[in-house]
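Hi,

Here is the structure I promised to pass on.

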Amino acid sequence: MMTQTPAGDGQSWATAYKHLQDALNAPSLSPGDEIQVAGGLYRPDQGSGQTPGDRSATFQLKDGVTIRGGYGSGGRGTRPRDIELYETILSGDLDSNDVQVTSAHDLRNEPTRRENSLKVVAGSGTGATTVLDGFTITGGKGHYGGGMSSGDGMTVVNCTFRGNRATYGGGMSGVGTVVDCTFIWNLAGGGGGIFNDGGSLSVTNCTFIGNHADGSTGGGGIFNRGGSPSVTNCTFIGNGAGDRYGGGMANRGASPSITNCTFIGNHGWWGGGGMGNDEGSYPTVTNCIFWGNINTGGVGPRLSQIVNRDSGSTTVTYSDVQGGWPGQGNIDADPCFVDPDGPDNIADNKDDNLRLLPDSLCIDAGDNSAVPPSVTVDPDGNPRIQHGVVDMGAYEYEFQVARTFHVDAVSGRDDNYGLCKERAFATIQKGIDMAEDGSTVLVWPGVYVERVSFDGKAITVRSADYPAVIEAPWQDAVSFIAGGPDSVLQNFVIRDSATAVACNNESSPTLKNLTIVDNDFGIAAYESAAPYISNCILWNNRDGDLFGDGTAYSWVEQNVGIDPLFADLDGGDYHLLSEKGRYVPAHGLWSFDEQTSPCVDGGDPADGPFGERMPNGGRINIGAYGGTPYASMSEWPLSHDKNKDGRMDFRDLASFCDEWLLELRWVAPQDLAWVIEPYALSWSSVTMEAIAEDASGVEYLFRNTTLAYDSGWQDEPDWVDTGLDPYTVYCYALEVRDKSPAQNWRMLSGETCVRTPLPPETTPPEPAPIWNPNDPYQWPTEIYIGPSPTLGWGFEMTCTVATDASGVVEYWFECYDAPSYNSAWITANTWTTPAMGIQGLNLGFRVKARDAYRNETAWSEVKRPSDAPLRDTTPPTPDPATWSVEPYALSSTLIHMEAIAAVDDSGVEYYFENTTIGGHVSGWQDSRNWTDTALSQDTEYCYRVKTRDKSPNANETAWSNTACATTQSGSVR
């Protein structure tokens with residue numbers, strides 16, 4: 001067990017290791033053991049025996065050992081493991097200075113990653129019983145597997161590989177089983193997400209987003225060089241191959257099985273935005289979707305889903321391929337994703353929703369026999385095969401799931417997916433078409449000029465807020481041809497139509513709180529139809545209001561003939577007059593009338609006035625506004641409750657209040673609010689206080705919604721939640737109920753969240769800052785900082801970086817000879833003094849650090865400008881660099897070259913660059929020889945070279961002249 005608290009022996013959370021390397025190197029660690037890691041950040045150069053800054057340091061996994069991240073700090077058994085809440089990061093950022101990237105392209109020339117680990121995690125020598133579970137792996141920068149190299153058959157599960165770079169396999173290289181992992185924004189010459197060099201690889205339920213291959217091999221998401229890997233239930237979104245093909249996947253001499261995968265928005269330079277194959281590759285693609293993948297190279301069609309080059313072929317069956325592809329069961333149809341560009345309206349990124357809409361032709365269109373027996377669920381955990389036949393793509397459509405769809409005439413569009421107000425449909429009919437039995441269609445305010453048909457569906461269509469208006473000039477506005485009482489239409493104004501509601505063919509829908517006015521006809525029931533009509537107003541319909549029976553608690557002109565007293569019938573304001581208050585939509589205010597409509601409080605007593613403002617008469621109003629906050633108000637139902645607050649005057653009504661008023665079901669405790677919103681009382685506790693009032697008394701329930709437990713019902717209005725984890729966000733909700741027999745309940749809307757602080761500790765940051773011995777020019781240096789040569793001399797300096805578990809480190813730079821030039825406590829590890837006026841003071845400085853709890857390190861030694869050696873500003877000779885042997889072809893894929901030996905007292909490094917294609921560079925190296933690999937046959941490539949010395953100033957020469965060579969003809973292997 002390990003956490004970021006001070007180190008122990010790892011045998012319990014109380015004595016946990018501080019560094020993962022110490023746990024991996026524990027002498028007692030053996031096959032079958034498990035290492036549990038608390039959320040936090042861990043680097044491979046930390047721990048006993050490690051050298052800080054050692055790029056070769058890596059987390060070497062142990063054969064047969066399981067390592068799991070995602071535990072709460074301290075690992076309390078009452079806190080379930082949660083890899084998102086307790087993110088556990090294995091980072092190759094050895095200097096803690098990485099600039100965060102949001103694109104794989106940003107990794108190409110990111111200078112803050114030059115010192116990063118060559119490989120964050122190494123699985124070499126491990127087998128099938130080795131498991132890595134629940135980690136984020138980031139910041140690797142090496143050759144094979146920047147983030148990780150996996151072992152032979154080991155399992156990687158629930159891991160995220162983000163922002164790693166390598167020559168091959170930016171996120172990961174190697175073989176084994178990869179399940180429920182995400183690869184995002186990784187970069188490599190080949191295989192931005194994963195590189196598989198011919199081994200046995202199984203990838204299931206994984207997502208590849210925005211990975212990039214910028215070399216000549218391709219495979220932004222996955223590059224398979226040989227072998228027969230299997231890839232199942234995976235999504236490839238927005239991956240790219242800059243100089244090759246196979247933005248989503250590239251195969252060279254490989255024959256993978258790709259089943260139930262979705263490739264969308266990937267791109268390749270030579271085509272095959274989705275998949276590219278060469279050199280005898282024979283992939284088998286089944287139950288997949290290839291859509292919107294493109295060719296970015298300008299040669300050939302823009303849309304390019306799959307391409308085969310050189311030799312080999314791709315077998316595609318039961319798949320949806322844009323542009324078409326020969327094969328049994330294949331289609332070429334819009335897959336109808338729920339939201340292919342996500343809430344941000346930007347396609348091909350991580351918020352895209354690639355699940356299928358109900359009208360997708362990919363549903364029930366796959367081949368069951370192609371699904372591996374071990375794959376029983378899709379990435380959401382839903383059964384992989386529903387309704388008898390597997391779907392195409394990564395996600396299985398869930399049949400008969402009751403959902404809520406939104407319709408908004410003002411801002412909606414029928415090509416939206418409708419599952420939230422921000423992406424609402426524009427028409428009611430579209431909402432009905434998309435809804436399954438049991439679903440609800442919420443219609444937001446507006447005028448809907450359309451014909452609406454329920455099509456026999458057992459759904460509820462109702463106004464979401466202020467009642468909407470339906471108009472269908474010369475037509476039936478709403479029709480029911482089949483269906484029973486579970487087909488519900490509620491809270492609408494229907495006007496200016498031929499027939500407002502037409503019911504046929506034995507349909508029996510429920511029509512509630514409708515205002516049906518100024519139509520040719522109101523409600524017509526034919527062919528033994530029997531609608532249930534309640535709380536409705538039918539008025540001023542020219543040819544009649546009702547044909548058939550079934551009304552209850554409704555106001556029908558042909559039956560009663562008494563004016564319902566609309567606010568302004570001719571002007572289209574159908575609110576009911578009220579002496580106690582009527583809503584005026586033009587101004588958003590409430591007015592008081594001289595009379596009250598007979599429809600106020602006239603609805604079905606069983607419905608209750610839920611949703612109506614107080615005071616109300618204890619019964620729902622008739623008409624479209626009944627049961628909504630816009631219903632006209634009325635007298636309190638108890639005439640002797642003079643102050644309308646639910647309390648009788650103590651002189652004559654106290655008993656009546658207790659026995660009658662408090663029994664009304666719609667009365668809840670009033671004025672519920674936080675007195676003290678939740679705040680951290682300590683690093684392990686949160687306190688809060690509420691207030692509510694009710695004549696019968698009040699009980700409170702405080703919910704910790706983060707961990708799904710509560711205080712229990714209690715009389716006390718305050719609560720302290722204890723036993724929490726430090727530096728963790730917790731959210732709380734408040735419920736209250738009265739003490740009447742009905743126990744009326746109310747909840748304070750929303751959640752209030754608070755983060756606990758870090759626990760107190762006494763350990764200062766480490767290591768204590770010093771003056772960098774490898775770069776004396778960061779020691780105190782006298783510089784001219786203005787405003788004039790007589791006033792402008794000062795000192796600048798930089799110390800080494802210290803870190804602390806609190807996340808806060810401050811530095812104090814002290815002028816040993818003149819305290820007026822101290823820095824005070826600052827967060828930067830650099831300090832420039834104010835101008836001192838004259839030159840040549842040669843003052844001494846020292847530095848120390850402290851953490852958030854004011855724990856201080858020791859002082860560094862005192863350094864003066866005179867202590868630093870003279871700065872070397874001269875590059876090696878010759879300058880510019882020159883060739884000893886100009887580039888020449890060794891084979892069809894190799895070009896060799898040699899620079900002339902350069903000379904410098906501090907030593908020399910060489911840097912070779914292929915200027916024809918990006919990504920082919922040697923990096924700084926001691927050798928003056930270099931061979932460029934993985935090139936294309938019979939192709940000319942051009943090169944240049946430069947050198948630099950090994951002084952702290954790293955002085956570089958100019959580039960040499962550019963020299964070119966052409967690879968030989970022949971097979972490219």
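**What turned up**

The side chain of Tyr 730 has a polar atom 2.8 Å from the backbone nitrogen of Asp 725. That is a polar contact (a pair of N or O atoms within 3.5 Å, where one must be able to donate a hydrogen and the other to accept it; residues adjacent in sequence count only if both atoms are side-chain atoms). Tyr 730 sits in strand 64, residues 729-738, and is buried, at 0% relative accessible area. Buried here means under 20%, with a 1.4 Å probe and protein chains only.

Before going on: this is a predicted model, with local features needing pLDDT of at least 70 and side-chain atom pairs counting only at pLDDT 80 or more, while totals for chains, interfaces and linings use all residues. Numbering starts from 1 along each chain as its sequence is written, and side-chain values use heavy atoms, leaving out hydrogens and water.

Next, Asn 239. You'll find this residue in the loop between strand 24 (235-237) and strand 25 (240-241); strands are DSSP runs of E, at least two residues, numbered from the N terminus. Asn 239 is buried too, with a relative accessible area of 0%, and its side chain comes to 2.9 Å from the backbone oxygen of Phe 208.

Finally, there's an open sheet of three strands, antiparallel, in the order 73-74-76. Strands count as paired if DSSP finds at least two bridges between them. Strand 73 (883-889) and strand 76 (929-932) are the edges, each pairing on one side only. Four bridges link strand 73 to strand 74 (residues 895-899), and Trp 883 faces Ala 899 in strand 74.

Cheers

Note on methods
Buried means under 20% relative accessible area, exposed over 50%, partly exposed in between (1.4 Å probe, protein chains only).
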